[in-house]
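Me: I'm new to this one and would like to learn how to read it. Could you put it up and walk me through it?

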Amino acid sequence: MISQNAIETLRKTEIGAQGLFIDGVQVEATSGASLPVTSPIDGRPFASIADGNAADIDRAVKSARKAFEKGSWSRAAPAFRKKVLTKFAELVEKHADELAVLGVRDNGTEIGMAYKAEPLSAAGTIRYYAEAIDKVYGEIAPTAENVLGLIHKEPLGVVGVIVPWNFPLMIGAWKIAPALAAGNCVVVKPPEIASLTLLRLAELASEAGLPAGVLNVVTGLGAVTGEALGLHMDVDAIAFTGSGPVGRRLLEYSARSNLKRVFLELGGKSPNIVFADAPDLKQTAVVSANGIFRNSGQVCVAGSRLLVQSAVYDRFMDELLSATMRLKVGDPLDLTSDVGAVSSAEQLDKNLGFVARATEEGARLVTGGQRMLTETGGSYMAPTIFENVMQDMQLAREEVFGPVLGVMRFETEEEAVRLANSTIYGLASAVWTANLSTAHRMVRAINAGVVHVNTYGGADITVPLGGVKQSGFGRDKSLHALEKYLELKAAWIAL
Ligand code: NAD
């Protein structure tokens, strides 16, 4: 784990003006324009990124295509790709302190969480796919004797990666690593408010021996660079994590351009269901509070709807309140902070809008609801709990993506299932019960990509992550994610 001393040194590092990363080098944006990077820790600018546009996306896609056609990566032996990616993972680990602090200055996640969830997780992901790629075999089809049917697995070509600001390195690696391992060339469009770590990641990849053009990063506004990537005629696939509205646009861009495949990982409104026989109510409350409030609720799988069985409702709410009150909100670069800053002033305003609406609609505010630490100039929000939340309220239906929890009561298992499945989303969920049969029934009944039992979050790279319904489709993580970046080609050979 990083030390406070190391953090204090790194927090003062000058970052300066960052270029785009195209064809293995940093270059200026075609327009020469840049965007300031403001830290949510104190509201001050501390760097700038190049303000890319459609011409820059075109340069990056051309560079990726050229590298793909050249074949020094796409047609290289998997053992070679494994070697380079393993070195890449080592470099990310070696630079974990630097990457973690840089990312926190950019997006405000508490360092305790960011350190593990960003560089260490990204390094683990890169290593996982590096190790996997030379174990992927083609197939021989079970044909008649006079023919040979071979099924080859080939890279797609140029893959566009678009990620959100909450965990850009972790989520970026979930897409970049399997895409590269499979032999694709990649153009990354980082989130405009948290681009710095992905730029540094590309430099480390280059240092590890990734050929020029295989991994490019174009910063800029989503509506400009993201759109240009989505509409580009020479991009074969887009792997996206972000909001539903932008996901919809990407499907439109695909339809309007070259029918590129689009993989969407979108939002959630995940139910966390506490049955009266939950094994340890106190521990359940602690994990549930962490499951919504860490990283200021800016976690796609956050358990933002808490359903509590009536028989233990009051007792559980007492435990939940004390677990929540113990969370220290503060400077995300202070190792003692449990919850850091909200990623931006705009996101904080949006969160407060949800609080106002929940109050208007009749939910009861149990704790929080306000901005904190205004004297810092940063964006901080108190962990917020509402109870008496009804199914027709905004708080029960829409994703806040902030530290705001809505609590509902239920009486029976059927009612819990009905409430759990009553949103447009289906990303994550949890069930707390000592009854094995209840647990298994709930795993089957809940419509979500993951059902946690007696825990929340923490699933590692070995299991797939992704949603159903309007939480998207396609899976990140695990060997299943590799399949997204490999095309099947059949050879039918008369013998
Ligand atoms: P967002 O959709 O606003 O932005 C995501 C990315 O899309 C950013 O890089 C942005 O620049 C880009 N973008 C914006 N407009 C675009 C356009 N017109 N065309 C192409 N790209 C465009 O989301 P956000 O606010 O960065 O992230 C929060 C959302 O991400 C939440 O809904 C959250 O649930 C979701 N999320 C999902 C997962 C998951 O694994 N399912 C993980 C993390 C976050």
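**Around the ligand**

Reply: Let's begin with the ligand: it has 29 residues around it, and Lys189, Glu192, Ser243, Leu266 and Glu399 come nearest. A residue is near a molecule if one of its heavy atoms lies within 4 Å of it. Keep in mind that this is a predicted model, where local features need pLDDT of at least 70, side-chain atom pairs count only at pLDDT 80 or more, and totals for chains, interfaces and linings use all residues. Residues are numbered from 1 along each chain as its sequence is written, and side-chain values use heavy atoms, with hydrogens and water left out.

Me: Which kinds of residues make up the shell around the ligand?

Reply: For sorting, Ala, Val, Leu, Ile, Met, Phe, Trp, Tyr, Cys and Pro count as nonpolar, Asp, Glu, Lys and Arg as charged, and the others, Gly among them, as polar. Here the shell divides into 16 nonpolar, 7 polar and 6 charged residues.

Me: Where does the shell around the ligand come from, in terms of helices and strands?

Reply: Helices (H or I, at least four residues) and strands (E, at least two) are DSSP runs, numbered from the N terminus. In this model, helix H8 (222–231), strand E11 (237–241) and helix H9 (244–256) each supply at least two residues of the shell. H8 gives the most, with 4 residues.

Me: What span should helix H5 have, going by its number of residues?

Reply: The expected span of a helix is 1.5 Å times one less than its number of residues. H5 covers residues 111–133, so its 23 residues should span 33 Å, and the end C-alpha atoms are 32 Å apart, which agrees.

Me: Where is the kink in H5 centred?

Reply: The bend at a residue is the angle between axes fitted to the seven residues ending there and the seven starting there. In H5 the kink is about 35° and centred on Ser121.

**Single residues**

Me: Is Asn295 buried or exposed?

Reply: Buried means under 20% relative accessible area, exposed over 50%, and partly exposed in between (1.4 Å probe, protein chains only). Asn295 counts as buried because its relative accessibility is 1%. You'll find Asn295 in the loop between helix H10 (281–293) and strand E14 (305–309). Its phi is positive, about 55°, although Asn295 is not a glycine.

Me: What about the phi of Lys477?

Reply: Lys477 isn't a glycine, yet it has a positive phi of about 70°. It sits in the loop between strand E22 (472–473) and helix H16 (478–484), and at 4% relative accessibility Lys477 counts as buried.

Me: Which side chain is joined to that of His232 by a polar contact?

Reply: That would be Asp58, with a contact of 2.7 Å. His232 lies in the loop between H8 and E11 and is buried, at a relative accessible area of 14%.

Me: How many residues apart along the chain are Thr374 and Asp42?

Reply: They're 332 residues apart along the chain, while their C-alpha atoms are separated by 9.2 Å. Thr374 is in the loop between strand E16 (371–372) and strand E17 (380–381), and its 49% relative accessibility makes it partly exposed.

Me: Where is Gln18 found?

Reply: Look in strand E1, residues 16–18. Gln18 is buried, with a relative accessible area of 18%. The C-alpha atoms of Gln18 and Leu196 are separated by 8.0 Å, and the two are 178 residues apart along the chain.

Technical notes:
Polar contact = N/O pair within 3.5 Å; in protein donor to acceptor, adjacent residues only side chain to side chain.
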